[in-house]
Amino acid sequence: MASPTAAQAWKLLRDLAFRPPLLAARSQAVQLTPRRWLNLQEYQSKKLMSDNGVKVQRFFVADTANDALEAAKRLNAKEIVLKAQILAGGRGKGVFSSGLKGGVHLTKDPKVVGQLAKQMIGYNLATKQTPKEGVKVNKVMVAEALDISRETYLAILMDRSCNGPVLVGSPQGGVDIEEVAASNPELIFKEQIDIIEGIKESQAQRMAENLGFLGPLKNQAADQIKKLYNLFLKIDATQVEVNPFGETPEGQVVCFDAKINFDDNAEFRQKDIFAMDDKSENEPIENEAARYDLKYIGLDGNIACFVNGAGLAMATCDIIFLNGGKPANFLDLGGGVKESQVYQAFKLLTADPKVEAILVNIFGGIVNCAIIANGITKACRELELKVPLVVRLEGTNVHEAQNILTNSGLPITSAVDLEDAAKKAVASVAKK
Ligand code: GDP
Ligand code: MN
């Protein structure tokens with residue numbers, strides 16, 4: 001990332017994508033998928049929680065059906081819950097590519113755990129929150145099932161509009177919280193927390209009460225809420241979401257599910273946590289981009305945007321939208337560009353089947369436009385570019401760059417400014 005402003009802008013882009021929908025009026029224009037922030041699997045989040053005094057069920061993790069069976073036997077529990085581990089929520093109502101319905105299963109028989117795990121591991125699980133084809137399941141969690149008498153919702157998030165952490169809760173948990181927020185907004189409770197003062201006892205108690213915990217359960221829930229908040233701070237989380245935050249008939253408050261997101265600016269002081277990131281659910285294209293020091297964010301349109309700097313990325317995105325198009329992604333070159341990076345960038349962009357046109361929008365401040373132009377022509381020739389390419393270059397050495405493009409004999413459309421570039425890119429897609 002070239003400058004602090006660019007870093008902030010990327011963060012803003014990601015904020016748009018990652019702020020829980022409950023609180024965020026999602027931007028019409030930018031619909032990003034949650035990828036660039038570290039997400040941990042449920043079992044990893046629950047380990048952090050139990051290490052910090054938060055109540056979760058006993059569990060094992062398995063990556064083969066046989067290990068799942070063994071784990072189920074070892075648990076020696078009255079009932080077992082088997083849960084597919086993917087980063088997306090809504091697993092309970094998901095469907096596997098094996099045909100199995102439900103990413104969360106309860107059974108009393110360890111043998112059934114083995115049979116079910118066989119239909120989970122290695123298959124894709126599609127839920128409301130995954131792409132259509134689903135996400136491959138590599139691991140399952142085998143946990144002691146507990147009876148649930150009531151399911152509530154609890155989350156702690158870093159919220160821009162509150163300038164800090166906020167507790168969000170609802171007595172109507174378990175279900176899709178966005179639906180509750182839409183149909184019964186009065187059932188969503190919030191407590192803004194002063195990050196310097198920390199969570200107040202009265203706030204934890206009030207939330208526990210709003211969630212409907214009665215008698216001794218109220219203190220227990222408040223205690224869990226405080227512990228969750230302290231964990232949130234300690235691990236530099238941006239979000240801790242527990243749904244259901246449940247109650248058992250035996251009078252226990254238990255976190256039945258867990259989703260934690262982390263602030264990746266804190267990576268330097270959260271090394272152990274970031275080491276847990278297995279990247280297996282990242283888009284391969286993202287990992288590939290990172291290898292060449294390129295930043296990639298996938299979107300759902302068809303115009304690839306090849307830019308330098310996050311501010312320009314956002315402007316490019318906006319102007320494409322304004323002209324009736326949709327960006328397929330951003331690929332940010334950053335500051336110190338090499339010709340080989342430009343080549344790799346094109347290789348990545350053209351490998352994406354969604355991409356029907358490429359818009360290059362580079363401002364040569366530190367970057368030398370001639371280097372970009374050479375990279376572009378080389379890439380076009382070697383990759384035999386099949387999609388329309390619109391190029392807008394401005395800044396250092398722009399005339400030399402334009403000569404390189406014009407003299408290349410390649411079908412490259414030049415644009416004089418941002419607006420012109422966006423119009424031409426949108427038109428090139430519309431023609432098809
Ligand atoms: P999600 O669908 O991805 O959010 O996965 P959850 O972990 O939230 O599980 C889905 C649902 O399964 C929960 O809302 C519960 O109703 C149910 N569930 C999960 N664990 C248990 C358990 O230990 N006991 C019981 N009785 N139900 C459970
Ligand atoms: Mn859940």
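**The metal site and its surroundings**

Mentor: Let us start with the metal: the manganese ion (ligand 2) is coordinated by Asn243 (O) and Asp257 (OD), at 2.2 Å, where donors are N, O and S atoms within 2.8 Å of the metal (3.2 Å for Na, K and Ca), and water is not among the atoms, so sites may look incomplete. This is a predicted model, in which local features need pLDDT of at least 70 and side-chain atom pairs count only at pLDDT 80 or more, while totals for chains, interfaces and linings use all residues. Residues are numbered from 1 along each chain as its sequence is written, chains are lettered from A and ligands numbered from 1 in the order in which they are written, and side-chain values use heavy atoms, with hydrogens and water left out.

Trainee: How many residues apart are Asn243 and Asp257?

Mentor: Helices (H or I, at least four residues) and strands (E, at least two) are DSSP runs, numbered from the N terminus. Asn243 belongs to strand S11 (residues 237-247), whereas Asp257 is in the loop between strand S12 (253-255) and strand S13 (259-262). The pair links distant parts of the chain, and the separation is 14 residues.

Trainee: Is Asn243 buried or exposed?

Mentor: Buried means under 20% relative accessible area, exposed over 50%, and partly exposed in between (1.4 Å probe, protein chains only). Asn243 has a relative accessible area of 15%, so the class for this residue is buried.

Trainee: Which residue does a cis peptide bond join to Asn243?

Mentor: Most peptide bonds are trans. Here the bond has an omega of about 10° and is cis.

**Ligand 1**

Trainee: Which side chain has an N or O atom 2.5 Å from an oxygen atom of ligand 1?

Mentor: A residue is near a molecule or strand if one of its heavy atoms lies within 4 Å of it; 17 residues surround ligand 1, and the closest are Gln57, Lys83, Arg91, Leu146 and Glu151. For the side chain of Lys83, an N or O atom is 2.6 Å from a ligand 1 oxygen, and for Gly92 a backbone N or O atom lies 2.8 Å from one. At 2.5 Å, the side chain asked for is that of Glu151.

Trainee: How much of ligand 1 does the protein bury?

Mentor: Accessible areas come from the Shrake-Rupley method with a 1.4 Å probe, and for residues only the protein chains shown count as cover. Ligand 1 taken alone exposes 560 Å², and the part of this that the protein buries is 82%.

**Salt bridges**

Trainee: How many salt bridges does the count come to?

Mentor: Side chains of opposite charge can pair when their charged atoms come close. A salt bridge is a side-chain nitrogen of Lys or Arg within 4 Å of a carboxyl oxygen of Asp or Glu. By this rule the count is 22.

Trainee: How far apart in sequence are the parts that Arg91 and Asp257 tie together?

Mentor: The side chains of Arg91 and Asp257 meet in a salt bridge at 3.0 Å, N to O. Arg91 is in the loop between S2 and strand S3 (95-96) and Asp257 in the loop between S12 and S13, so the parts tied together are apart in sequence by 166 residues.

Trainee: What is the phi of Asn163?

Mentor: Most residues other than glycine have a negative phi. Asn163, in the loop between strand S8 (150-159) and strand S9 (164-170), counts as exposed at 74% relative accessibility. This residue other than glycine has a positive phi, near 55°.

Trainee: What is the area of the nonpolar surface patch made by Met158, Ile195, Ile196 and Leu233?

Mentor: Patches are made of residues with over 30% relative accessible area and no salt bridge, with like charges joined within 9 Å and nonpolar side chains (Val, Leu, Ile, Met, Phe, Trp, Tyr) within 5 Å. One of the members, Ile195, counts as partly exposed at 41% relative accessibility. The area of the patch is about 370 Å².

Methods. A polar contact is a pair of N or O atoms within 3.5 Å; within protein, one must be able to donate a hydrogen and the other to accept it, and residues adjacent in sequence count only if both atoms are side-chain atoms.
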